[in-house]
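Hello,

Here is the structure I promised to pass on. Please look it over first; my notes follow below.

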Amino acid sequence: YVRDQWITTRLRTQITFDREIRSINYSIDTVAGTIYLMGVARNQAELNKVVEIARTIPNVAQVVSYVRLSAAAQGT
């Protein structure tokens, strides 16, 4: 549990200080080393960056994304 909390906190901190990511759009849950991302990405590049940051955190076994792209990013 403590390690999962540390992973979540580290990811939240990293995306909060990244100017290319609107961190408030993301909800993060970590269970047994698996990060679950939920929310709405402004575009595919932003989503890719969040996933890449998550994958580079030590002790992360897997990243599961339930993030969808905003309507503007999809062109609708």
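Which residue of β2 does Ile 28 stand opposite? Leu 37 is the residue in β2 that faces Ile 28. Before going further, please note that this is a predicted model.

**The sheet**

The sheet is open and has three strands, in the order β1-β2-β3. Its pairing is mixed. β1 and β3 stand at the edges, each with a single partner strand, so one side of each has no neighbour in the sheet. From one strand to the next, the twist averages 10 degrees.

β1 and β2 run antiparallel and pair over six bridges. They form a hairpin with two residues between them. In that turn, Ala 32 has a positive phi of about 50 degrees.

β2 and β3 pair in the parallel sense, over eight bridges. Met 38 stands opposite Tyr 66 in β3, and Ala 41 stands opposite Leu 69 in β3. α1 packs on the sheet and touches β1 and β2. The direction of α1 makes about 155 degrees with that of β1.

**Helix α1**

α1 has 15 residues, which should span 21 Å at 1.5 Å a residue. Its end C-alpha atoms are 21 Å apart, in agreement with that value.

Which residues of α1 are buried? They are Asp 4, Ile 7, Thr 8, Leu 11 and Ile 15. Around the axis they cover an arc of only 95 degrees, which puts them on the same side of α1. This fits a general rule. An α-helix has 3.6 residues a turn, so residues three or four places apart point the same way. The buried residues of α1 pack against β1, β2 and α2. On the other side of α1, Val 2 and Arg 3 are exposed.

**Thr 30**

Thr 30 lies in β1. Its relative accessibility is 10%, so Thr 30 counts as buried, the cut-off being under 20%. The side chain of Thr 30 makes a polar contact with the side chain of Thr 8, at 2.6 Å. Leaving out residues up to four places away in sequence, Thr 30 touches Asp 4, Ile 7, Thr 8 and Ile 35. Asp 4, Ile 7 and Thr 8 are among the buried residues of α1.

**Helix α2**

α2 covers residues 44-55, twelve residues in all. From its first C-alpha to its last it reaches 16 Å, close to the 16 Å expected at 1.5 Å a residue.

Asn 43 caps the N-terminal end of α2. A side-chain oxygen of Asn 43 lies 3.2 Å from the backbone nitrogen of Ala 45.

The buried residues in α2 are Glu 46, Leu 47, Val 50, Val 51, Ile 53 and Ala 54. Seen down the axis of α2, they fall within an arc of 160 degrees, so they line one face of the helix. What covers them includes α1 (2-16), β1 (26-31), β2 (34-41) and β3 (62-69). Ala 45 and Arg 55, on the other side of α2, are exposed.

**To start with**

Open the Thr 30 to Thr 8 side-chain contact. Then turn to the Asn 43 cap on α2.

Best wishes

Conventions: Residues are numbered from 1 along each chain as its sequence is written. This is a predicted model: local features need pLDDT of at least 70, side-chain atom pairs count only at pLDDT 80 or more; totals for chains, interfaces and linings use all residues. Side-chain values use heavy atoms; hydrogens and water are left out. Helices (H or I, at least four residues) and strands (E, at least two) are DSSP runs, numbered from the N terminus. The expected span of a helix is 1.5 Å times one less than its number of residues. Buried means under 20% relative accessible area, exposed over 50%, partly exposed in between (1.4 Å probe, protein chains only). The arc is that of the directions from the helix axis to the C-beta atoms. Contact means heavy atoms within 4.5 Å. A polar contact is a pair of N or O atoms within 3.5 Å; within protein, one must be able to donate a hydrogen and the other to accept it, and residues adjacent in sequence count only if both atoms are side-chain atoms. Two strands pair if DSSP finds at least two bridges between them. Axes are lines fitted to C-alpha atoms, for helices over the stretch in contact, and angles run from 0 to 180 degrees between N-to-C directions.
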